[in-house]
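Subject: Two-chain model for you

Hello,

Here is the structure I promised to pass on. Please look it over first; my notes follow below it.

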Amino acid sequence: MLHLFNKTIASPLPSAGRAVIENVSRRSFLKGTTGFVVALQLVPFDTAKAFDSYPTNGLNMPHGVVNDPHIFVAIDPDGTVTIVAHRSEMGTGSRTSLPMIIADEMEADWDKVKIVQAPGDEPKYGNQDTDGSRSLRHHIQPAREIGAAVRRMLEQAAADQWGVTIDEVEANGHQVVHKTLGDRIGYGELAEAAMALPTPARDDLDFKDESEFRYIGKGKVQITDLHDITTGKAIYGADVKLPGMLYAVVARPPVVGGTVKSVDDSAALAVPGVQRVEMIPGTSLGAKFKPKGGVAVIADSTWAAINGRNALEIEWDDGPHGSFNTADYRKELSASANAPGKSVRSQGDTEDALKNAARVLSYEYYQPHLAHSPMEPPAAVANAADGKCEVWAPVQSPYGTRVDVADYLGMDEKNVTINVTLLGGGFGRKSKCDFAIETAFLSKQVGAPVKVQWTREDDIQHSFYHTSSVEKIDVGLDENDKVIAWRHRSAAPSFLSTFVPDEGFEHEIEVGMGLENLPYEIDNISADQCKAMAHTRVGWYRSVSNIPRAFAVQSATAEVAHELGRDQKEFLLEMIGSPRILDWEAAGLPQKFWNQYEPYEEFPFDTGRLSNVIELAAEKSGWGKSLPAGEGLGIAGHRSFVSYIAMAVHAKVDDDGTVHVPRVDVAIDCGFVANPERVRSQMQGACVFGMTAAMHSGVTFENGRVLESNFHDYEMVRADNFPEAVHTHIVPHPFSVHATGVGEPGVPPFLPALANAIFNATGKRIRDLPVGDQLRT
Amino acid sequence: MATIKVNGVDRQFDGDPDTPLLWFVRDQLDLTGTKYGCGTGLCGACTVHLDDVAVRGCLATVADADGKTVTTIEGLSETGDHPVQVAWRDQNVPQCGFCQAGQIMQAASLLSANPNPSEQEILDEMQGNICRCGCYQRIVTAVRQASTGA
C-alpha cells in the first residue's frame with residue numbers, strides 16, 4: 001500500500017537498451033535489442049488538443065514515472081502492438097487498464113494489442129511499487145503521453161512515406177489515413193519507420209478529445225487475462241516450473257524473533273522424496289522483509305516437503321515476544337488510548353471545551369490484528385546459479401524485491417532478475433517479499449532451482465499483520481446539544497516497527513489515514529497518537545489505518561446522532577458542514593495534512609465532495625424508508641487514497657443473530673474514471689472484503705503464537721452470505737478532475753456503515769471487531 | 001501403481017498413494033490450473049471432477065482416483081468454451097483470478113447434475129469456494145447465465 005521514505009526525488013534514468021519482453025506467464029525470457037531511450041519529465045504546457053498536465057506524487061516516488069514510448073510500446077510488422085504492463089496485477093485490473101489507455105490514445109485496435117509484464121526494473125520503467133491505490137492515479141497521464149507519442153510517430157512515418165506534412169494525415173483505427181486523399185497505411189507497415197523516430201517532445205503531442213475515446217471510460221474492455229484465467233492457463237507464483245526444480249516448505253518460528261534451539265530432522269529425512277533440510281537464519285522485529293528464518297525441508301514434490309516438515313522435531317527459543325497475548329494487549333492499548341498521547345492535531349482548545357461541556361459522550365472501539373490471506377498463499381520460484389539469481393514471484397514491488405534479494409544474497413542488483421507472475425490477491429501481503437527472499441536463499445544453498453510453497457497455516461501464522469487498535473473518541477456537547485469538541489486518541493502499533501527500532505508511535509502515513517484529518521466543522525478538535533509497542537510483524541493491509549479510523553469516527557458520529565435523536569445521515573452532513581477545502585493551518589496541524597503524498601493544491605480535501613457522495617449513497621438507498629423489524633440501513637463516508645466514498649448498507653439480522661447484507665449503495669468520487677467496469681468490481685470486492693473484516697477477522701496471539709490457522713477459524717465471507725447486491729454509483733467527471741485511488745478506499749466505509757445498519761436493525765452497537773458471535777442469541 | 005485418466009489421457013503414478021490429487025496434477029502432470037488454497041477442503045481452489053463430480057483435489061487422493069476419471073480446468077472443454085467458462089467471461093467475473101478455476105469446476109459440476117438450480121441451490125453449492133477478492137455477485141450471475149442462457 002505504501003512506500004516508506006519516498007522522499008528521494010529520482011529522475012527517470014536513461015537506460016542502455018530497449019527491451020522486447022515476452023510474457024513471463026509464457027515462461028519466456030527477456031531479450032535486449034538495440035535502441036535508445038529519452039525519458040521525459042512531465043511539464044505543464046498549453047496546446048489546443050492537450051489535457052492540462054498536473055503533478056502527482058508519482059514524480060517523487062523512487063524512480064519516478066517514465067513516459068517513453070520506446071520503453072512501453074513495440075509494434076510488429078503484422079500490426080501486433082505489444083504494450084508493457086509495469087505494475088503488478090493482483091485483481092484491480094491495472095494490467096489491463098493502463099495498456100488500454102495507451103492503446104486508446106494511440107488509436108490502436110485493442111484486439112491487436114498484446115500485453116507483456118515487465119520484470120522488476122524501476123530505473124527503466126519508473127516506479128513499480130503496486131500499492132497505495134496509485135497505479136491509475138500516478139500513471140494515467142504518462143499512459144496518455146505514451147499513446148499520443150506513438151500515434152504521432154506513426155503519423156510522422158506515414159507523412160514521410162507519402163511525402164506530405166503531418167497535418168495532412170491522421171491515425172484512425174490501427175492505420176494512418178491521408179485526410180483528403182483517403183490513402184491508408186496500417187500500423188504494421190509503419191512500425192519500423194515509426195519506432196525508429198525519436199520520441200516527440202511533450203509540447204508537440206496532440207491528445208484525443210474525451211469524446212474521441214474508444215475504450216477509456218467505456219468499461220467495455222475485458223481484462224487481458226480473462227481467457228487464461230477461465231481456462232486454467234494463467235500463471236501465478238507457484239505455477240512456474242524449472243528443470244530440476246526442488247520443492248520446499250519451511251517451519252518458521254511460531255513467535256517473531258524466535259530461534260531454533262534444537263532440531264531433529266531424522267524422521268523428516270526418512271520421508272520418501274525428502275532430499276535435505278536447510279536452516280534459514282532468524283530475524284526479529286525491525287528486519288524489514290527479511291525472512292523469519294526457520295527450518296526448510298526440500299523434496300522432490302510439494303507433498304513430500306509438507307510431510308517432511310510435519311516430521312521435523314523442533315524446539316524453539318521464543319525470545320522476547322513469547323509472552324505476547326492478545327487479551328492483555330487489548331487492555332494495554334485501551335489504557336494507552338484513555339490517556340493523553342502525542343498530539344498530532346490541536347485545533348481550538350479541546351481539553352478546555354471538554355471540561356466546560358454540558359456533557360461528554362465517550363466511545364471506545366477495538367480491532368485486533370488481521371491477516372491479509374490472499375487466496376494464493378505466498379509462493380515463489382528461484383534459480384540462483386553462477387553468481388546470478390532469477391526469481392519468479394507474485395510480488396507487489398518487483399524492484400523492491402530485486403533490491404532485497406540482492407542484498408540478502410550479497411549479490412549485485414544487476415545479477416538479480418525478478419519476473420512478475422500474476423498475483424492471486426495481494427492486499428498488501430505481497431508488498432513484503434520475505435517469501436521471495438527465502439526462495440532465492442534456498443536455491444543458492446542447494447544449488448538448484450527451488451520453489452517455496454507457503455501453506456495456508458503459514459500464511460495466517462507468519463504474516464505482516466494489519467495493526468490492532470483501540471480508538472477512543474470523546475465528544476463534547478454544549479447545553480443546546482451542539483457538538484463543541486471532538487477528541488480522538490488512537491493506540492495502534494506502527495508498521496514502522498517492521499523497519500526500524502520500535503518507539504511505539506506511528507508513521508505520518510498512518511496518522512494521516514483518518515486520525516489527523518477529521519473533516520468536521522467543529523471548533524475544537526484534537527487527535528493524539530498514544531504509545532503502542534509492536535509484538536508481531538506489523539504491515540499494511542488493504543486500506544491500512546483507514547479501517548479502524550473510519551470505523552471509529554463513523555460509528556461515533558452515528559452514536560451521537562442516535563443519542564441526540566437525530567437522523568444519522570443529516571447529522572453526519574451537519575458535522576462535515578459547509579463545502580470547503582480543509583485548511584491544515586486552521587485545523588491546528590504543524591504541517592500540511594498527509595495527503596497520500598499527493599500535492600495538496602492538486603488533490604485537496606474537499607468536504608463538498610464528501611458530502612455529495614454521502615447524499616448520493618443515501619438517496620440511492622432510499623434512506624429514510626421504513627424497514628421491517630430486524631432490518632436497518634447504515635451509512636458512512638470516508639476519504640482515503642484521495643477518493644471520496646460513501647456506503648449505505650442494508651443489514652438484515654435474523655433472530656439467531658445471523659447478519660445478511662441484501663444491498664449496498666456505494667457512491668464513489670474518484671475523479672476521472674478510465675475503467676468503470678473495474679471500479680465496479682473493486683467496489684463489489686471491497687464490500688466483501690469489508691464484510692469479512694467486520695464479521696469474522698481477528699488474529700489471536702497466545703504466548704506469541706497465532707491461534708488461528710486456516711479458514712475454519714479464520715473465516716471468510718462466502719457465497720452463502722455476502723453483500724448480495726452492490727450498486728455502485730460513480731460521480732462522473734472529465735479528465736481535468738484528477739483520477740484518484742480505487743483499490744483500497746472502498747473498504748473503510750463498509751465496516752462502520754454495516755455496524756450502523758446493525759444498530760438500526762437491532763439496537764445493538766458493535767464497538768469491538770469482529771462481530772463474531774456478539775449478536776448470537 | 002495407480003492409473004488415472006486425466007483429461008482423457010491415462011496417467012500412472014507409483015508414488016505415495018496418499019498423495020492428494022491436487023499435488024499429483026500440479027507437480028507430476030504440470031496441470032497448474034488447479035490451485036492450492038488451504039489444503040484442508042475449506043476453500044475450493046483445488047476443485048476438480050472425479051468421475052464428473054466436483055471434489056476437493058487437496059482431500060481426494062491418488063488412491064481414491066485409481067481407475068477413475070479426473071477432469072481439471074484444462075480439460076473441462078477443449079476450446080475453453082464450456083457454457084460456464086463463457087458465462088464467466090460474459091460477466092467479467094474474475095478479479096485476481098486465482099480461485100476461479102475451482103469456482104468454474106464447482107459450477108460446471110452443479111449444472112451437470114442440476115441444469116436448472118434455484119438461487120438457493122446455487123448459493124449452497126458455491127459456498128464452499130472462497131473468493132477473497134469478492135466476486136460472488138458476479139459468480140452467482142454467471143452460474144445463472146450458464147444455466148438459463150440469460
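Over residues 1-48 of chain A, pLDDT stays under 50; pLDDT is the predictor's confidence in each residue, from 0 to 100. The model still has 99 contacts beyond four places in sequence for that stretch. Two residues are in contact if their C-beta atoms, placed from the backbone, lie within 7 Å. Chain A as a whole has a mean pLDDT of 93, and 94% of its residues reach 70 or more.

Some ground rules. This is a predicted model, in which local features need pLDDT of at least 70, side-chain atom pairs count only at pLDDT 80 or more, and totals for chains, interfaces and linings use all residues. Residues are numbered from 1 along each chain as its sequence is written, while chains are lettered from A and ligands numbered from 1 in the order in which they are written.

Domains of chain A

Domain bounds come from an automatic or database domain assignment.

Helix pairs in chain A

Helices (H or I, at least four residues) and strands (E, at least two) are DSSP runs, numbered from the N terminus. Axes are lines fitted to C-alpha atoms, for helices over the stretch in contact, and angles run from 0 to 180 degrees between N-to-C directions.

Helix H15 (residues 546-563) and helix H16 (residues 568-576) of chain A have axes that come within 9 Å and cross at roughly 115°. The crossing of H15(A) and H16(A) is right-handed. A crossing is left-handed if the near helix is turned anticlockwise from the far one by less than a right angle, and right-handed if clockwise. From H15(A), A:Thr557, A:Ala558, A:Val560 and A:Ala561 meet A:Gln568, A:Phe571, A:Leu572 and A:Met575 of H16(A). That contact has 6 nonpolar, 2 polar and no charged residues.

H16(A) also pairs with helix H17 (residues 607-621) of chain A: their axes come within 10 Å and cross at roughly 175°. H16(A) is therefore roughly antiparallel to H17(A). Angles under 35 degrees count as roughly parallel, over 145 as roughly antiparallel, 65 to 115 as roughly perpendicular and the rest as oblique. On the H16(A) side are A:Lys569, A:Leu572, A:Leu573 and A:Ile576. They meet A:Thr607, A:Leu610, A:Ser611, A:Ile614 and A:Ala618 in H17(A). By class, this contact holds 6 nonpolar, 2 polar and 1 charged.

Backbone points in chain A

The peptide bond from A:Leu769 to A:Pro770 is cis, with omega near -5°. A:Pro770 sits in the segment after helix H19 (747-762) of chain A. A:Phe427 has phi near 60°, a positive value in a residue other than glycine. A:Phe427 belongs to the loop between strand S18 (416-420) and helix H12 (434-446) of chain A.

Chain B

Chain B divides into domain 1 (2-75) and domain 2 (83-148). Their C-alpha centres lie 20 Å apart. Contacts link 15 residues of domain 1 of chain B with 12 residues of domain 2 of chain B.

Helix H3 (residues 83-90) and helix H6 (residues 136-148) of chain B come within 8 Å, axis to axis, crossing at roughly 135°. H3(B) and H6(B) are therefore oblique to each other. Their crossing is right-handed. The residues of this contact comprise 6 nonpolar, 1 polar and 1 charged.

Between the chains

Contacts join 50 residues of chain A to 47 residues of chain B. H18(A) gives the largest share of the chain A side, 7 residues. The chain A side divides into 22 nonpolar, 18 polar and 10 charged residues.

Best wishes

Methods
Nonpolar A, V, L, I, M, F, W, Y, C, P; charged D, E, K, R; others polar.
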